[in-house]
Each structure stands twice: as structure tokens, then as C-alpha cells.
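Subject: Structure for you to look at

Hello,

Here is the structure I said I would pass on. Please open it and keep it beside this note while you read.

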Amino acid sequence: MHHQAYSFEGKFNFKDKENMIIYLYVSCEETGYGLSFLSSFDNGNSVSKEVVIDKAKLEFCYPSIAVSKQGNILALWEESVDCDDLEKENANSVIKISISNDLGETWSNPITISDPSLNSQNPKLISNTNDEVLITWQTGNGNRKTLQSRFSYNFGKKWNSINTLVKKENYSYIEYNLSH
């Protein structure tokens, strides 16, 4: 088994709990990949039971997390194309999210927020104290690249339509960062 660990740490006060540490990690087993969640309320001395958010034969990349002021958690990741499927028609990576409304004990079914007809990669997310969430990612095949985004005013309950921010020809990659 192979693990890629990604974590988000912060000091939060949710439901009389503080110093919450959140772990979102990707595991690789012979049967496929898993995206899992763990949390701790005692500075990492003990952790919650593992909760599997998603499983697939495909690789999960670039996981990240946003936490709302009410303690809701939004997980974001890229579900990548299996290397064996790269040459197949419509074999595209997609950007997915899942939301927990109970500090990570349960998660919504993952939804794809990118256009599945396009190869979407390198997702990034930013949120603020007003529960607004902006997600951006790069799409494209070959040397044609596009930067796209989606925005939510209510921490992922509803999303605006996909917005194309930048289109570039003859680029292999668009580098970008988000900040507030």
C-alpha cells in the first residue's frame, strides 16, 4: 500500500471542541485508490475512525480542504485518468468535491464540478469566513490550456456555472495561485 498524505491543520471551536486537526489522504492499493479523512481534537494524540470519502481505480491527486465557520468541511480533489486509458477517447481527469456537515463523520456522495468532456487538472480552492468558496482548475489537451472556476456563496450547497477565466494556445501549463 502506498500513501500520499495531505493535511490541513487549524484551531477551530466547533461544538465545544477545539484544536481540531484534519487529515485528508490518498492511499493506493492493488484494487485502486482511496481518498480518506481522519480528524483529531487532542492535537494529534489520537485520531478518529478513518472515513473513506471516495474509491476508484483511478488516481486521486491534489486533495485539499476548506472548513466553514459552522464546522462543515469541503474536500476537493482531482480524479486522474488511469495511465492505461490516456489514449482512449473521452479519457479525462475530473475535479470532484464532497461535503461533510458533521465534522467529517459522514460525507456527501462525491460530485464532479468540472466538465467531464474536458481534461481537468490541478484544482485549487480558497474560502472565506462568509462561507464563500472559489475553486479553480486547468483544462485542456495538448498545447491548448484554459483556466476555469466555479463559485459558491453557501459553502458548496449551490455552485455557479463553470466560468472560463483564461484561454491560451501553445502553452503546456498555466501556473496560478489563489489568495485572499
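Predicted model: local features only at pLDDT ≥ 70, side-chain atom pairs only at ≥ 80, totals over all residues.

Two strands count as paired if DSSP finds at least two bridges between them.

β7 and β8 are joined by 6 bridges and run antiparallel. Within this pair, A66 stands opposite L74 in β8. Both strands belong to an open sheet of 4 strands, with the order β7-β8-β9-β10 and antiparallel pairing. β7 and β10 are at the edges with a single partner strand each, so one side of each has no neighbour in the sheet.

In soluble globular proteins, nonpolar side chains tend to be buried together. The largest nonpolar core here has 18 residues, and the ones that touch the most other members are I22, L35, I53, F60, I73 and W107. At least two residues of this core come from each of β4 (21-29), β5 (32-40), β6 (51-56), β7 (60-67) and β8 (73-79). Another core, of 13 residues, lies apart from it and includes L74, L76, I95 and W137.

N119 is found between β10 (111-112) and β11 (120-127). Is N119 buried or exposed? Its relative accessible area is 11%, and because buried means under 20%, N119 counts as buried. A polar atom of the N119 side chain lies 2.8 Å from the backbone nitrogen of S93.

Regards

Note on methods. Residues numbered from 1 in each chain as written. Heavy atoms only, no water. Buried < 20%, exposed > 50% of the residue type's maximum accessible area, 1.4 Å probe, protein only. Polar contact = N/O pair within 3.5 Å; in protein donor to acceptor, adjacent residues only side chain to side chain. Core = buried A, V, L, I, M, F, W, Y, C linked by side-chain atoms within 4.5 Å.
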